Amino acid sequence: MQEILDHWGPTLAIFIPLVGAALMMLVPRDNEDAHKGIALIASLACFAVLIGIALYFDYDRAGTLQYEIDKEWIPVIDSRFHVGIDGLSLPLLLLTGLILPLTVIYSWNHFPEPRNPKAFLILMLILQTGMVGTFVAQDLILFFVFFEVVLLPMYFMIGVWGGPNRQYAAIKFFLFTLFGSALMILGFLALYFKGGNTFDIPELIQNGSEIARGTQMLIFGGLFIGFAIKVPMFPFHTW
């Protein structure tokens, strides 16, 4: 089991919810029990993988990356499928893994109006894939992709199941996060060119001292505003 988790743990945790969402797309909308069952099984399977990772995690080396996977992904831009887990990301992953099955269980007979369990649960599973991917990504482009994946289901859930002004809120949310995404990608590109032509986060940490302090402050400012908009922090959540 430990060997399987070492080689496949983070990948399984990322893509099990996405597989569940794909299966739900093949099931007719009116088969609510099947949708609920698939969503619950997929979310529990993801949580089980994360629990296994936590059980075999070496807590004496919590400051170093474990369950690391580093594969070629987009060589033309020097971006890799590099994921790993450390002592900071592990509790966030466990919290994410716990929340989704609890959400599915709570929603079992309490789906919001307009009632559409299929769409609601598919969006929840896609959201989980994005969140898990965000917490394990060790490449800036990979991180950006997973972070943007999180925003897609949020946009539709706000627009469909939000409050009385949900359409206005969804459009404003989209515009705010679009601006935040632009600042983030500009900051990542600046890190790439100033930090040794790499998007790899561990390498950028090692190369950080090579970046001039003034440049560091500019990059930090752009990334801070971008993340503040996308988290969102006050006063960037007027949507």
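This is a predicted model: local features need pLDDT of at least 70, side-chain atom pairs count only at pLDDT 80 or more; totals for chains, interfaces and linings use all residues.

Residues are numbered from 1 along each chain as its sequence is written, and side-chain values use heavy atoms, with hydrogens and water left out.

Asn197 sits in the loop between α6 and α7 (helices are DSSP runs of H or I with at least four residues, strands are runs of E with at least two, and both are numbered from the N terminus). Its phi is near 55°, a positive value in a residue other than glycine.

Now select residues 166–194, which form helix α6 with its 29 residues. From the first C-alpha to the last, α6 reaches 41 Å, close to the 42 Å expected at 1.5 Å a residue (the expected span being 1.5 Å times one less than the number of residues). Which residues of α6 are buried? Among them are Ala169, Ala170, Phe173, Thr177, Gly180, Ser181 and Met184. An α-helix has 3.6 residues a turn, so residues three or four places apart point the same way. To see what covers the buried residues of α6, display α5 (140–161), α7 (201–207) and α8 (213–230), which are included in that cover (contact means heavy atoms within 4.5 Å).

Continue into the segment after α8, where Pro232 is found, and inspect the cis peptide bond that joins Val231 and Pro232, with omega at about -5°. Pro235 lies in the segment after α8 too, and a cis peptide bond with omega of about 5° joins Phe234 to Pro235.

Finally, select strands β1 (residues 66–74) and β2 (residues 79–85), which run antiparallel and are joined by six bridges (two strands pair if DSSP finds at least two bridges between them). Within this pairing, Asp70 stands opposite His82 in β2. The hairpin has four residues between the strands, and Asp78, in the loop between β1 and β2, has a positive phi of about 60° although it is not a glycine. Asp78 counts as partly exposed because its relative accessibility is 38%.

Definitions and conventions: Buried means under 20% relative accessible area, exposed over 50%, partly exposed in between (1.4 Å probe, protein chains only).
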